[in-house]
Every structure is written in structure tokens, then in C-alpha cells.
Amino acid sequence: MSLLDTVITIIRVLFAAFIPVCFLAVMVWMERRGCGFIQDRSGPNRANVFGFRLMGIVQNLADGLKLAFKEDVIPAHIKYKFYYVLAPVIVFTIAIVSFASVPFADALVLGGKSYLMQGIPTDLGILWFMAIVGFAVYGIILAGWSSHNKYGMLGGLRAAAQVISYEIPLGLALISLLIVYGTVNLTGIVQYQGQLLFGFIPMWGVVLQPLGAIIFIVAAFAEANRVPFDLVEGESEIVAGFHIEYSGMKFAMFFMGEYVAMFTSSAIIVSLYFGGFQIPWLSTAFMVEHTRLVVILLMIALPLLAYLVVGWIRKNNRNRFLPRESDPDVFEATWYIRLLWAAVILLELVLLIFLIIGAGGAAARILAACLQVATFLVKVTFMCFVYVWVRWTLPRFRYDQLQRLGWQTLIPLSLLNIFITGAIVVVLS
Amino acid sequence: MLVDLLYTCFAVFSVLGALGLIIFRHPMNGAMSFLITLISIAGLYALLSAKLLFALQLIVYAGAIMSMIVFIIMFLNIQPEELPAEKTKVIYLVGGAVAVLPVAFFLIKVIKRLPNMPISFASEGFGGVKEVGLIFFTEWLVPFEIVSILLLVALVGAVVLAGKREKNK
């Protein structure tokens with residue numbers, strides 16, 4: 001292994017391990033503030049460090065500290081302590097490991113070698129995701145069973161039945177997609193989506209497989225046990241479902257596992273149906289060839305974007321009801337704006353150096369990869385927001401409605417979709 | 001070196017898991033130790049560069065079938081006092097071990113007698129999704145379809161059996 005191999009491996013593993021965990025903070029924040037936004041209230045915005053609240057992100061830190069320092073209780077009635085402790089570990093680990101096969105940039109060609117930018121550079125792709133995600137149900141079952149509590153057991157039963165039955169439409173929707181792409185390798189799938197349909201529409205999965213996309217997204221919501229399929233924790237009926245007997249860090253593991261699973265399934269949805277790391281109309285080859293053009297466009301776009309963001313920060317950081325002499329909100333906002341401009345200037349400098357020194361092959365490819373990582377993260381963030389959006393918009397299904405939707409609507413629809421897709425693919429080829 | 005280590009780990013764990021399935025009294029313990037066996041076997045497939053088989057082992061056996069079994073164990077919620085008293089278990093275990101011992105010696109001898117052949121590594125793309133699919137749908141199409149009919153028969157049989165019980169009520 002050369003030095004380059006080692007560096008690339010470290011980058012891959014770090015990305016695949018840390019990005020889901022970092023997104024935890026973003027997503028918990030998005031959930032709470034998004035919920036507040038949709039319900040027309042502020043959401044948590046008081047916790048601060050030296051007066052800086054970071055739009056409420058500091059609240060996560062406070063919550064995390066609270067959970068970490070809570071007493072780690074194992075209720076006395078629990079007989080199988082090993083499984084009781086193992087369950088949250090399984091849920092959290094599975095959620096992170098299943099992200100390992102998602103590509104976050106196009107295959108990077110450096111020094112004559114092509115590096116797949118995935119946590120684990122395997123061409124198993126979506127099969128890896130399916131294989132690992134299947135284990136999440138063990139965490140739920142073990143938690144429900146070992147809690148030795150009626151509510152916990154009911155929650156575990158519901159969750160397990162739901163996850164097992166929604167895996168079928170998920171897999172069937174995937175089959176019709178794989179017929180179109182002709183590969184299971186996620187990097188290959190995303191590369192396929194870089195093409196253009198009729199010369200101007202990006203060939204994203206959602207364009208080629210609209211029905212499949214809907215089925216997959218619905219099934220993915222159910223797999224993540226999110227509203228409208230969160231009967232698992234139906235508070236009004238079974239209190240909190242399978243995590244009723246958990247507290248402190250063990251509860252936090254379940255909580256984090258849920259959000260990481262949400263992130264992973266957003267990443268998979270984006271990779272399969274929304275072009276993954278592909279920037280629409282900007283293929284990797286184009287970016288590598290016309291690096292200077294891309295860099296100049298970026299250098300123009302960055303300050304404009306920053307200007308808009310600054311306007312937004314100003315608008316939201318003032319007290320509308322009580323004009324004060326030295327408003328702490330305004331003080332906070334000025335610092336954010338300074339930091340933002342500093343970041344923009346730094347980026348501009350980097351880009352300028354890049355422009356002057358000249359874009360060699362390797363540098364251009366790395367720049368393209370960085371842009372693709374940014375695109376991927378933006379898309380995934382938006383998909384995560386869709387999860388939040390749906391959660392605070394739709395009511396919960398009844399249990400029989402949930403199973404009927406899975407077995408009587410989604411499965412026949414996905415079978416029909418496979419049939420139609422197969423026919424079209426055969427006719428067109 | 002790493003491969004040898006992994007191989008030893010997977011082999012040991014698969015045997016230990018199978019042992020646990022027989023020895024543990026509570027069905028949940030048995031199911032979980034069997035799960036370890038299934039995962040270790042998937043690891044062995046991966047070491048043999050049979051990628052698709054690795055994924056399928058995890059998806060179908062470890063992911064789907066075992067989770068169904070564990071689900072049923074949870075559903076029945078068996079308490080330790082409801083389990084049958086297995087008084088003859090030790091006798092069967094020891095007797096079985098004694099009966100299998102000569103076979104094991106024989107197998108070890110056979111393996112030691114194997115001629116020392118040069119090891120050839122699997123070619124590029126061996127065991128991938130495409131290669132296995134091509135073999136299935138060209139050379140082994142008829143057996144493949146017959147197996148799928150077998151599965152269909154089992155499925156219909158299960159539905160018929162489940163339906164009959166409903167009528168008797």
C-alpha cells in the first residue's frame with residue numbers, strides 16, 4: 001500500500017464514520033426547529049455558550065450532556081441484561097455501518113488508480129445496505145423482549161412486524177430500479193444518473209422510476225419507524241414503545257440510532273433516485289476539463305450566496321417586539337456575519353491560489369470531488385428535511401391501515417412497476 | 001496473515017455458535033448463537049471472494065429468516081419455567097460426541113492426506129453479481145426455475161394450511 005492508498009482509506013473511513021454522527025446534531029436541530037417552524041413557534045433557542053446560540057444547535061449540546069451524565073439505570077426486573085444492553089448498541093452500530101457503501105463523490109482517479117469514494121470500496125453497493133439494514137430489527141426485537149414490559153413488548157412487536165413487512169416493497173421497488181440501471185454498485189448507479197434524458201433532463205432515478213421512487217420513499221419511512229409509521233412509539237397507546245425501559249446513554253443510543261438511520265436512508269434515497277453526488281448538467285469529466293470556468297463561477301457565486309445568507313441572518317436576529325439599546329441578538333448576528341465573511345474570503349483565497357498555480361489533473365479531480373461531496377451533503381440535508389416535514393405534517397396511521405398499505409397497496413404496485421419497467425427495458429433495448 | 005486470522009475467527013465462531021444452539025436452554029440464546037454461526041459463515045463466503053453469496057447469506061438467512069424466528073420467540077414470550085425439562089440432554093450430548101469422534105478422526109486423516117496442490121486464486125469478478133446471474137440464467141436456467149416452483153409450492157401449502165385452521169373454528 002502506498003502513502004496515497006493509506007490517505008485515501010483514512011479519508012473514506014473518517015467520512016463514512018463521522019459524517020453520520022455530525023449530521024446527528026444537524027438533524028436533531030432541524031427536527032426541533034423545523035417542528036417549531038411548522039407549528040408556528042420558535043423551538044428551542046435559549047441554550048447558549050457565552051451568548052452564542054447558533055440558532056439553537058447549542059441546545060443539542062445541553063441535551064447530550066444531560067443524557068451522558070444521567071445515572072445509567074438497569075431496572076431490577078430485567079432478566080437478560082446482556083440483551084438489554086446489546087439492543088441499543090445493535091441499533092446504533094447498524095445505522096452507521098449501513099452508510100459505508102454510499103458513495104459521496106465520483107470515483108477519484110489519482111496516480112493512475114481509481115478510488116471508489118465509499119466507506120468500504122466494494123461493488124456490492126445496495127446489497128450491502130440491504131444486508132446490514134436487516135439486522136436493525138434485532139435491536140428492536142431484543143429491546144422489546146428483554147425490557148420485560150407490556151408496552152415495550154407491544155412496541156417491539158409492532159416495530160418488528162412493520163420493518164419485516166415493509167422490507168418487501170422496499171426490495172421490490174429496488175428490483176425495478178436495478179433493471180433500469182443494470183448494476184447494484186452504488187457508484188455505478190450514480191454515474192448512470194449523470195447522463196441526460198432527451199439531452200436536457202438529468203437522468204435521475206425519480207424521472208425514470210416515479211412510481212418506484214414513491215414506493216421506495218414510503219417504505220424507507222416505514223423502515224426508519226418515522227411518522228406516519230411511528231406506531232412503534234405511539235405515545236398515547238403504548239407510552240414509548242420499545243425504549244420505555246431505557247434511560248440515560250442507552251436511550252441516547254436508540255435516539256441517535258434513529259437519526260443516523262434516517263440520515264443513511266436519506267443518503268440511499270438520494271443516491272438511488274436523486275442523482276447522488278451528481279451536480280445536474282455538470283459531469284465529472286466536464287468539471288475536470290473546464291476547471292478554470294468552474295472555479296471562476298464558484299468565485300462569483302460564493303460572495304453572492306454569502307450576501308443572501310447575511311441578509312437572512314440579519315433579518316432573523318433582531319428583537320421584533322422590544323427594540324433595545326445593545327441587543328444581544330444583534331451582537332450575536334454581527335459575529336456570525338464576520339465569521340461567514342471570513343470563511344468566504346478564505347475559500348476565495350484557496351480558489352485564487354488554485355487558479356494561479358494552475359489546475360493540474362489531480363488538483364482538478366480533487367476539486368470536482370469536493371464539489372460533489374458538497375452537492376451530496378446538500379441533497380441529503382434536504383431529504384432529511386423531508387423526513388422532518390412529513391413528521392410534523394401528517395398524522396399517524398392506525399396499525400391495520402399501516403399493514404394494509406404495505407401488503408395490499410405497495411406490494412402489488414411495486415410488482416406492477418417491475419412488470420412495466422421490464423417491458424419497457426426489453427422494448428427499448 | 002490477516003486472512004488466516006479472519007478465517008480462524010470465523011471458523012471458531014461458526015462452530016461455537018452451532019454448539020450454543022444445541023446447549024443453551026432458552027430459545028432466545030439459541031437463536032442468537034445460531035445467528036453468530038450464520039454471520040460467521042457469511043464471513044467465510046466473503047473470504048472465498050464469493051461476494052454475492054456473502055450478501056445473500058446476510059440478507060436472506062441472517063437478516064430475514066432468523067429475524068422471523070426471533071420475532072416468533074418474542075411473540076410467544078416463553079418463560080424459563082415453561083420450557084421442557086431436558087433430563088437426557090447431557091447423555092445425548094456425550095453419546096453424540098463419542099459417536100462422532102471416529103468420523104472426525106477419519107476426516108482429519110483424509111485432509112492430511114490431501115495432495116499439496118498449488119493454490120490458484122479466483123479470477124477477477126468471480127462470485128460477483130453479474131457473473132453468478134449470468135451462470136444462473138444461461139447454464140442453470142431450468143434447475144433455477146424448478147427450485148422457484150418448489151418455493152411456490154411451499155408458499156401455497158403454507159397458505160392452504162393456515163386457511164384450513166380458520167375454517168375449523
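Reader: Does H3(A) pass H11(A) in a left-handed or a right-handed crossing?

Author: This is a predicted model, in which local features need pLDDT of at least 70, side-chain atom pairs count only at pLDDT 80 or more, and totals for chains, interfaces and linings use all residues. Residues are numbered from 1 along each chain as its sequence is written, while chains are lettered from A and ligands numbered from 1 in the order written. With the near helix turned anticlockwise from the far one by less than a right angle, the crossing of H3(A) and H11(A) is left-handed.

Reader: Is H3(A) roughly parallel or roughly antiparallel to H11(A)?

Author: The axes (lines fitted to C-alpha atoms over the stretch in contact) of H3(A), residues 81-97, and H11(A), residues 248-273, come within 8 Å and cross at roughly 25°. Therefore, with angles under 35 degrees as the criterion, H3(A) is to H11(A) roughly parallel.

Reader: How many residues of the contact of H3(A) with H11(A) are nonpolar?

Author: Among the residues making the contact are A:Val85 and A:Phe92 of H3(A), and A:Met253 and A:Val260 of H11(A). The contact includes 2 polar residues and 1 charged residue, and its nonpolar residues number 12.

Reader: Which residue in the turn of the hairpin of E1(A) and E2(A) has a positive phi?

Author: E1(A), residues 105-110, and E2(A), residues 113-117, run antiparallel and are joined by 4 bridges, with A:Val109 opposite A:Ser114. The hairpin has 2 residues between its strands, and a positive phi of about 60° belongs to A:Gly111.

Reader: Which helix gives the most to the side of chain B that touches chain A?

Author: Contact (C-beta atoms, placed from the backbone, within 7 Å) links 16 residues of chain B with 19 residues of chain A. The most, 12 residues, comes from H3 of chain B.

Notes:
Two strands pair if DSSP finds at least two bridges between them. Two residues are in contact if their C-beta atoms, placed from the backbone, lie within 7 Å. Axes are lines fitted to C-alpha atoms, for helices over the stretch in contact, and angles run from 0 to 180 degrees between N-to-C directions. Angles under 35 degrees count as roughly parallel, over 145 as roughly antiparallel, 65 to 115 as roughly perpendicular and the rest as oblique. Ala, Val, Leu, Ile, Met, Phe, Trp, Tyr, Cys and Pro count as nonpolar, Asp, Glu, Lys and Arg as charged, and the others, Gly among them, as polar.
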